[in-house]
Amino acid sequence: MSIALEAAGRVQLGVIYDPNLRELFVAERGAGAFCNDARLAVSTAAALDVSLLATGFPYDIRVREDNNLREYGAFAVRARGVRRLGSAVLYLAWVAAGRFDGYWELRLGPWDVAAGGLMVEEAGGRLTAIDGGPLDLDHPTVIASNGRIHDAMLTVLRETRRA
């Protein structure tokens, strides 16, 4: 479950609940991010080759040409590992918690990104669109990272998507 409060075009509050692990993630702009009252901080991985990443795929992967398979392959040989667990909301919360070093996805809904994106930022990470520009909540593509590997992730995506 994910809930976000947006005011004046910016997400101000985000809440994510994972009932499987009984974890409540909360972030407030300027006040930090927390999981069950413990402050969150992104990982310290400094290079892509030691990083654990996450991603997802579109529901219409069999018919959509832009389906993230090329990008997945490019990251799979450059990172320590790439995981797919099935929840964009939790990927973002786990980047904020330092469980993943980075996450990317080509197509999401605003409900997938709003609360978790704020968590990443408030935990010290970096959040952009896949082209490196600002996140557009109306049509989100996302790279979320600990900040240290963000430029390397952008480079892989630029090279892969240009080919």
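Helices (H or I, at least four residues) and strands (E, at least two) are DSSP runs, numbered from the N terminus. The structure is a predicted model, in which local features need pLDDT of at least 70 and side-chain atom pairs count only at pLDDT 80 or more, whereas totals for chains, interfaces and linings use all residues. Residues are numbered from 1 along each chain as its sequence is written, and side-chain values use heavy atoms, with hydrogens and water left out.

Asn68 belongs to the loop that lies between strand E6 (52–55) and helix H1 (69–76). A polar atom of the Asn68 side chain lies 2.8 Å from the backbone oxygen of Gly56. When residues up to four places away in sequence are not counted, Asn68 touches Thr55, Gly56, Phe57, Trp104 and Leu106, contact being heavy atoms within 4.5 Å.

Strand E10 (residues 142–145) pairs in the antiparallel sense with strand E8 (residues 102–105) over 4 bridges, where pairing requires that DSSP finds at least two bridges between the strands. Strand E9 (residues 126–128) also runs antiparallel to E10, to which 3 bridges join it. Ala144 in E10 stands opposite Tyr103 and opposite Leu127. In a regular strand the side chains alternate between the two faces of the sheet. Both faces of E10 are covered, with Val142 and Ala144 buried on one side and Ile143 and Ser145 buried on the other.

Conventions: A polar contact is a pair of N or O atoms within 3.5 Å; within protein, one must be able to donate a hydrogen and the other to accept it, and residues adjacent in sequence count only if both atoms are side-chain atoms. Buried means under 20% relative accessible area, exposed over 50%, partly exposed in between (1.4 Å probe, protein chains only).
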